[in-house]
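Could you look over this structure with me before we discuss it? My notes are set out as numbered points for someone who has not seen it before.

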Amino acid sequence: MKCSENIALTFGNPSKVSRKPQQYRRAEPQWYGTDVVLALVTQGNLGKSTGNLIFFFFSVKYVTKTTEACQRAKPKQEALTTPLVEQHPHLQDETVIRQVQQISAIDQHPSSVQSSKETPTQDTERASSDEDPSTAQETRQWKEIKVMLGDLPGIYARLSKIRLTALVVMTASAGYAMAPVPFDPSCFLLASLGTGLASCAANSINQYFEVPFDSNMNRTKNRPLVRGQISPLHAVSFAAACAVPGITLLALTVNPLTGALGALNLFLYTCCYTPLKRLSITNTWVGAVVGAIPPVMGWTAATGSLDVGALLLGGILYSWQFPHFNALSWNLREDYSRGGYRMMSVTHPALCRRVALRHSLALIGLSVLAPALDVTSWTFPLISLPINLYISYLGYSFYRDADRSSARKLFFCSLWHLPMLLLLMLTCKKPRVDKEDRSVAHS
């Protein structure tokens with residue numbers, strides 16, 4: 001007998017009902033089916049031959065489970081008409097109302113549990129999509145992105161990473177100024193402009209490739225492509241409009257060697273460094289090579305040749321980037337992990353600190369090497385020693401403590417250390433000796 005209670009009826013007085021509560025466990029809360037309870041009691045002591053049959057017909061009950069985890073019996077609105085009621089009309093007026101005991105535990109189906117945890121927003125979205133399927137289909141289609149003309153300069157500045165581009169142009173200018181040749185303002189401006197355009201193109205293509213991953217990082221989630229301020233086609237068009245004139249300018253108006261170095265740097269940054277960020281920690285070393293090329297480009301723009309002075313400048317930029325970037329990435333480990341980037345600070349934290357300390361100390365050796373290669377005077381390693389010792393000390397603190405505070409101090413020190421070192425190097429530059437003066441001195 002399917003019912004919420006197991007009811008035993010005693011003969012004689014139908015109002016006395018002894019109830020034995022029984023818990024039923026159902027897979028999913030729902031309306032119980034209509035149950036007609038018939039009790040057939042055979043009285044044996046009234047006569048063995050005849051045997052009176054007494055039928056008790058109870059009204060149909062609907063049983064529901066309320067939010068308070070208890071059940072309440074409600075009479076059905078419409079009574080069923082059966083031959084039994086016609087024979088016993090007095091049973092039609094009798095109604096038994098019972099308080100059902102609380103069910104302690106009811107196992108819900110996983111689908112019902114999951115649906116109960118859904119937020120009202122999800123229910124609203126589902127209801128709206130069910131009511132108007134055409135509207136839901138329209139939201140999945142491409143939409144036109146309208147860009148105001150006044151917003152384009154700011155968008156282009158963020159797309160090209162204007163601060164990083166300014167640092168690249170500054171190092172290229174330092175390389176040009178350190179070259180032992182007469183200063184040519186027109187060539188200097190053309191070389192700086194071409195280098196800046198190539199850097200803008202490389203940074204724009206980098207953001208184009210990393211849109212899905214930048215959206216997971218707090219540091220990069222506000223970039224123009226992530227926010228949808230411009231379309232990907234717009235970004236690629238801007239990159240092409242910067243790359244083609246930039247490389248052409250370097251190759252035709254400066255010299256072919258500088259143009260080739262600019263094209264190589266653009267290729268390394270977009271096609272090697274960018275995909276390696278998600279594959280291997282060697283991306284840091286490749287990125288250091290990319291950062292070391294701009295001062296070499298400045299030197300070749302002035303001299304037209306690749307000399308030891310250019311390689312020395314490239315070596316200083318190469319070593320400086322490790323304490324700078326490793327300290328920066330240390331405090332962004334959570335962001336890089338969410339973005340799926342394989343950085344030393346995430347996968348090899350001990351190596352990250354060792355490399356930062358190692359290249360901080362290498363800056364001292366490179367400064368001593370500058371006068372030995374006849375690039376600067378011997379004053380340069382002496383006056384640059386304090387700042388080189390300071391960044392080495394912070395690199396050691398970062399290696400020893402491995403905390404956010406030491407990484408932050410090392411990073412901010414690297415921001416002023418590089419321009420200060422290049423400025424000291426420029427002040428200690430060896431004076432240019434012409435061939436005529438050199439021949440006179442020998443005679």
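The points below go from the overall picture to particular residues.

1. Basis of the note. This is a predicted model, in which local features need pLDDT of at least 70 and side-chain atom pairs count only at pLDDT 80 or more, while totals for chains, interfaces and linings use all residues. Residues are numbered from 1 along each chain as its sequence is written, and side-chain values use heavy atoms, with hydrogens and water left out.

2. Overall make-up. The protein contains 20 helices and 6 strands, where helices (H or I, at least four residues) and strands (E, at least two) are DSSP runs numbered from the N terminus. Of its 443 residues, 39% count as buried; buried means under 20% relative accessible area, exposed means over 50%, and partly exposed lies in between, with a 1.4 Å probe and protein chains only. Among contacts (heavy atoms within 4.5 Å) between residues at least 6 apart in sequence, 70% join residues at least 24 apart.

3. Annotated segments. The unreviewed UniProt entry places the feature "transmembrane region" at residues 164-183, 257-276, 283-302, 308-330, 351-372 and 378-398; the positions are given in the numbering used here, feature names are shortened, and such annotations may be inferred rather than shown by experiment. In the model, residues 351-372 are 100% helix and 0% strand, with end C-alpha atoms 31 Å apart. Residues 378-398 are 90% helix and 0% strand, and their end C-alpha atoms are 30 Å apart.

4. P381 and its surroundings. P381 belongs to helix 17, which covers residues 379-383, and it counts as buried because its relative accessibility is 10%. Setting aside residues up to four places away in sequence, P381 touches S367, V368 and P371. The C-alpha atoms of P381 and G365 are 8.8 Å apart in space, and these two residues are 16 apart in sequence.

5. Cysteines. How many disulfides does the structure hold? It holds 0, a disulfide being a pair of cysteine sulfur atoms within 2.5 Å. C200 is in no disulfide, and the nearest cysteine sulfur to it, that of C242, is 5.1 Å away. With a relative accessibility of 11%, C200 is classed as buried, and C187 is also buried, at a relative accessible area of 14%.

6. L164. This residue lies in helix 6 (residues 162-178) and counts as partly exposed, because its relative accessibility is 36%. Beyond its neighbours within four places in sequence, L164 is in contact with N203 and Y269. The C-alpha atoms of L164 and C200 are separated by 9.1 Å, although the two residues are 36 apart along the chain.

7. N255. Is this loop residue buried or exposed? N255 sits in the loop between helix 10 (232-254) and helix 11 (256-276), and it counts as buried because its relative accessibility is 12%. Apart from neighbours within four places in sequence, its contacts are L250, T300, A301 and G304.

8. Nonpolar patch. Y390, Y393, W416, M420, L423 and L426 make a nonpolar surface patch of about 600 Å². Patches are made of residues with over 30% relative accessible area and no salt bridge, like charges being joined within 9 Å and nonpolar side chains (Val, Leu, Ile, Met, Phe, Trp, Tyr) within 5 Å; a salt bridge is a side-chain nitrogen of Lys or Arg within 4 Å of a carboxyl oxygen of Asp or Glu. Helix 18 (385-401) and helix 19 (404-427) each supply at least two residues of the patch, and helix 19 gives the largest share, 4 residues. W416 is in helix 19 and, at 38% relative accessibility, counts as partly exposed.

9. Backbone points to check. Most residues other than glycine have a negative phi. D374, in the loop between helix 16 (349-372) and helix 17, has a positive phi near 65°. A402, in the loop between helix 18 and helix 19, also has a positive phi, of about 55°, although it is not a glycine. At 25% relative accessibility, A402 counts as partly exposed.

How values were computed. Accessible areas come from the Shrake-Rupley method with a 1.4 Å probe; for residues, only the protein chains shown count as cover.
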